[in-house]
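Here is a friendly briefing to read alongside the model. Take a look at the structure first, and then we can go through it by topic.

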Amino acid sequence: MTRESFLNPVEDSVPKVDDEIAVGEDLDFQRRWWRFEKLVWTVFLIVIVCDLAGLFGRGWLAKAEASTPDRALIVDYERIERANTPSTMTLRFGPAAIRNGHVQFHVSDAVVRDLGAQRIAPQPSTSTPGRGGISYVVPVTAAPAAVQIQLQPAAPGRYTFKIQLADAAPITRRVLVLP
Amino acid sequence: MLVERIVEQRLGKQLTPFEFVLIFYLGGLTLTGMVGIEASMVNGVCQILTLALCHRTLSMLRFRSDRVMKVLDGVPLILMEARGWRTDTLRRMMVQDDDVMNVAREQGIRDLSGIRIAVLETFGQIAVIPKPQHPPRDA
């Protein structure tokens, strides 16, 4: 008589209640799981609070401002961005930035390449690439004036950008782009 | 998957309308993050294959390890036994005694005294075993 190799004897290994009904309850495991669940819910809560506060971008903690000492240029930006998510960088110009009805400023390549500048409003009268970035000239009537750059970073990472008025010290800041 | 395991206290037959919506909502939100702006067929096919591979891997781990099986599926939990209700389990799993009685009635058990044991199974169903003197009525 040949023995079927795949046939094993039936063994009742499931723990029983009152030695009668096989349930397979493992309360020790379940109690550990409940503790784990409690921990996970705490983490969920922390994540939501951090998100509402802007720690993951698009909130109060994410917004930042940088300016030149004479406040001729003030840059409103988000220090924490999200990949593939639109945001706006605003350049505000004081009276000292306006010369002959124009504002001339230079943005580094990181704004275009890493932070994904989509468009600039209003449209500059000239855009000149060079010196590791693009120089823009925008006609302005009087201060206060603002230019907005629409950003949409393509990839996560930490990027450093520079913005500089003509003949002025640059503003250098870092932006963290989250996935 | 972890979120679903944590959030969904009751699955399968015990789905409430809200939990039913929640599952589809979580699926939709996950899809947004996974697909993003890329709607190519290559992306779709690769994601399907990735999910299939993940499912296969988890199934294999579940088959080979009791611990993994418990983590993925949970364990059956006794809600009611001869000594009475397991109130701690009921509270933590958010199951009410009425839920148990609903299932008992489906089996022809008239009241709680006719229940030998009630178990919350891993996929969310409540299994009720009647006392020997209260055999279920013929349907």
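In what order do the 5 strands of the open sheet in chain A come? The order is β3-β4-β6-β11-β8 (chain A), with antiparallel pairing. This is a predicted model, where local features need pLDDT of at least 70, side-chain atom pairs count only at pLDDT 80 or more, and totals for chains, interfaces and linings use all residues. Residues are numbered from 1 along each chain as its sequence is written, chains are lettered from A in the order written, and side-chain values use heavy atoms, without hydrogens and water.

**The sheet**
- Strands are DSSP runs of E with at least two residues, and two of them pair if DSSP finds at least two bridges between them.
- β3 (63–67) and β8 (117–121) of chain A are at the edges with a single partner strand each, so one side of each has no neighbour in the sheet.
- β8(A) is joined to the antiparallel strand β11 (residues 145–151) of chain A by 4 bridges.
- Arg119(A) has Gln150(A) in β11(A) as its bridge partner.

**The nonpolar cores**
- A nonpolar core is a set of buried (under 20% relative accessible area) Ala, Val, Leu, Ile, Met, Phe, Trp, Tyr and Cys residues joined through side-chain atoms within 4.5 Å.
- The largest has 34 residues, and Met89(A) and Phe161(A) are among those with the most contacts inside it.
- A second, separate core of 23 residues includes Leu27(A), Trp34(A), Leu120(B) and Val128(B).

**Arg113(A)**
- Arg113(A) lies 15 Å from Arg82(A), C-alpha to C-alpha, and 31 residues from it in sequence.

Key
Buried means under 20% relative accessible area, exposed over 50%, partly exposed in between (1.4 Å probe, protein chains only).
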